[in-house]
Amino acid sequence: CIVLRSTGTVFSSGHDLKEVAAASQEIHYTIFNRCNDLMLMVANSSAPVIASVDGFATAAGCQLVAACHMAVCSHGSKFATPGVNIGLFCSTSGVQLGRAVNRKQAM
């Protein structure tokens, strides 16, 4: 199996929203395609991929956790998609988030 983990207070923070908001449409496509490729690679891995989360997982980091086959999270873990505040959502393989987290937990 493959275990994804971090040290410190952040598992994965995703993209810099200021940078993404100011980027061209071409850059948006590049970012989307690279993220989508990564998330699909994780989700389709023949080896189980486990996210070991102890801290913040935001934006694409939240999607990364959802793409994994299993997530083991501490009580202090926090998940967010802050891009929605400026009209962005990390939609790469976004259906996995809806499948991985039931509605009550997501709220």
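Is Cys1 buried or exposed? Cys1 is exposed, and its relative accessible area is 68%. This value, like every other one here, comes from a predicted model.

The mean pLDDT of the chain is 81. A score of at least 70 is reached by 78% of the residues. Confidence is highest in strand S1, residues 2-5, with a mean of 95. Helix H5, residues 103-106, is where confidence is lowest, with a mean of 56. Where pLDDT is low, the predicted coordinates should not be read in detail.

Cysteines were examined next. Cys68 is buried, with a relative accessible area of 9%. The cysteine sulfur closest to that of Cys68 belongs to Cys73. The two sulfurs are 9.7 Å apart, which is too far for a bond. A disulfide requires two cysteine sulfur atoms within 2.5 Å. By this rule, the count of disulfides is zero.

Strand S3 covers residues 49-53 and runs parallel to S5. Four bridges join S3 and S5. Within this part of the model, Ala51 stands opposite Ala71 in S5.

Another open sheet is formed by three strands in the order S2-S4-S6, again with parallel pairing. Strand S2 (10-12) and strand S6 (78-80) stand at its edges. Each has a single partner strand, so one side of each is left without a neighbour in the sheet. The twist here averages 20° from one strand to the next. Strand S4, residues 56-58, runs parallel to S6, and three bridges join them. Thr58 stands opposite Ala80 in S6. Helix H3, residues 60-67, packs on this sheet. The helix touches S2, S4 and S6. The direction of H3 makes about 100° with that of S4.

Where is Ser77 found? Ser77 is in the loop between S5 and S6. The residue is buried, at a relative accessible area of 12%; the cut-off for buried is under 20%. A polar atom of the Ser77 side chain lies 2.9 Å from the backbone oxygen of Val53. Val53 is also among the residues that Ser77 touches, together with Asp54 and Gly55, when residues up to four places away in sequence are not counted.

Ile31 counts as partly exposed, with a relative accessibility of 23%. Which residues does Ile31 contact, leaving aside neighbours within four places in sequence? They are His15 and Val20. Ile31 and His15 are 16 residues apart along the chain. Their C-alpha atoms are separated by 9.1 Å.

Note on methods: Residues numbered from 1 in each chain as written. Predicted model: local features only at pLDDT ≥ 70, side-chain atom pairs only at ≥ 80, totals over all residues. Heavy atoms only, no water. Buried < 20%, exposed > 50% of the residue type's maximum accessible area, 1.4 Å probe, protein only. pLDDT = per-residue confidence, 0-100. Helix = DSSP H or I, 4+ residues; strand = E, 2+ residues; numbered from the N terminus. Pairing = 2+ DSSP bridges. Axes fitted to C-alpha atoms, helices over the stretch in contact; angles between N-to-C directions. Contact = heavy atoms within 4.5 Å. Polar contact = N/O pair within 3.5 Å; in protein donor to acceptor, adjacent residues only side chain to side chain.
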